[in-house]
Amino acid sequence: MKFFLDTADIAEIEEAASWGALAGVTTNPSLYARVGGTLAAFPEHISRICALVNGPVSAEAVGVTREEIIREGRELSALASNVVVKIPTTVEGLAATHALATEGIRVNMTLCFSVPQAILAARSGARYVSPFVGRFDDISEDGIEQLSLIIEALANYDFSDVGVAKENVEVIAASIRSAQHVTQAALLGADIATVPFNVLKKCVEHPLTTNGLAAFEKDWEKVKNL
Ligand code: G3P
């Protein structure tokens with residue numbers, strides 16, 4: 001499973017990239033608003049992220065109609081070769097995804113919550129499908145169970161006949177809120193988990209690592225003082 005960072009924060013991306021395991025970044029309008037981004041600065045911000053990341057960077061189209069989404073998608077994909085256009089799973093989004101995929105533009109279909117949505121996204125030519133986990137948990141449903149259904153259903157088929165450059169669709173486990181979500185997504189075979197920086201840090205930590213390190217440091221002091 002690959003790790004993507006789910007953020008628009010440049011400092012977080014630089015730090016995670018320095019760890020060597022960062023395979024991509026996903027952003028959305030809320031994450032961009034969180035870093036105080038303006039409309040005018042959006043293209044430059046996405047370009048900066050693309051230059052920092054050796055992998056796909058999802059930038060979301062905010063248009064409502066297919067024409068608006070297609071226009072935005074073309075503009076976003078022209079920013080850098082590693083831009084992936086993020087598009088919500090709606091009728092207009094599917095139509096825009098189909099048009100953009102036909103032009104060879106990679107799409108990540110987002111706000112995906114069901115097996116039929118995921119299959120339709122894949123059939124429209126999306127390169128990535130993003131089932132949301134945490135938002136199911138927010139409404140007292142089991143997000144990991146929903147993710148497992150989508151992974152199982154997509155694995156039944158080969159969608160490379162409609163994909164960009166004949167690549168098959170990849171599942172991005174999104175709306176990940178904990179290291180436990182990461183574990184479960186990996187055990188289910190999600191291709192990618194996109195995680196907030198605080199969750200990525202939690203993935204590195206383990207109390208036995210912390211305790212073991214403290215013991216090594218204490219014993220090394222003894223060695224130094226002999
Ligand atoms: O990238 C979209 C998704 O990961 C959002 O997560 O925590 O806002 O539900 P969250």
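User: How far apart are the mean positions of the positive and negative charges of the protein chain?

Analyst: Lys and Arg count as positive and Asp and Glu as negative, while His and the chain ends are not counted. The place of a charge is NZ of Lys, CZ of Arg, CG of Asp or CD of Glu. Here, the mean positions of the 18 positive and 28 negative charges are 3 Å apart. This is a predicted model, in which local features need pLDDT of at least 70 and side-chain atom pairs count only at pLDDT 80 or more, whereas totals for chains, interfaces and linings use all residues. Residues are numbered from 1 along each chain as its sequence is written, and side-chain values use heavy atoms, with hydrogens and water left out.

User: What percentage of the residues of the protein chain count as buried?

Analyst: Buried means under 20% relative accessible area, exposed over 50%, and partly exposed in between, with a 1.4 Å probe and protein chains only. Of the 226 residues of the protein chain, 46% count as buried.

User: Which residues have the most contacts inside the largest nonpolar core?

Analyst: In soluble globular proteins, nonpolar side chains tend to be buried together. A nonpolar core is a set of buried Ala, Val, Leu, Ile, Met, Phe, Trp, Tyr and Cys residues joined through side-chain atoms within 4.5 Å. The largest one has 55 residues, and L5, V25, I87, L147, L154 and V195 have the most contacts inside it. Helix α8 (residues 143–155) supplies the largest share of this core, 5 residues; helices (H or I, at least four residues) and strands (E, at least two) are DSSP runs numbered from the N terminus. Apart from this core lies another, of 6 residues, including A23 and Y128.

User: Which residues does V195 touch, not counting those up to four places away in sequence?

Analyst: Contact means heavy atoms within 4.5 Å. By that criterion, V195 touches F3, F4, L5, D6, I176, V182 and L200, residues up to four places away in sequence not being counted.

User: How is a positive phi to be read, and where does S175 lie?

Analyst: Most residues other than glycine have a negative phi. S175 is not a glycine, yet has a positive phi of about 55°. S175 lies in the loop between β7 (170–173) and α9 (179–188) and is buried, with a relative accessible area of 9%. L111, likewise not a glycine, has a positive phi of about 55°. L111 belongs to strand β5 (residues 107–112) and is partly exposed, at a relative accessible area of 32%.
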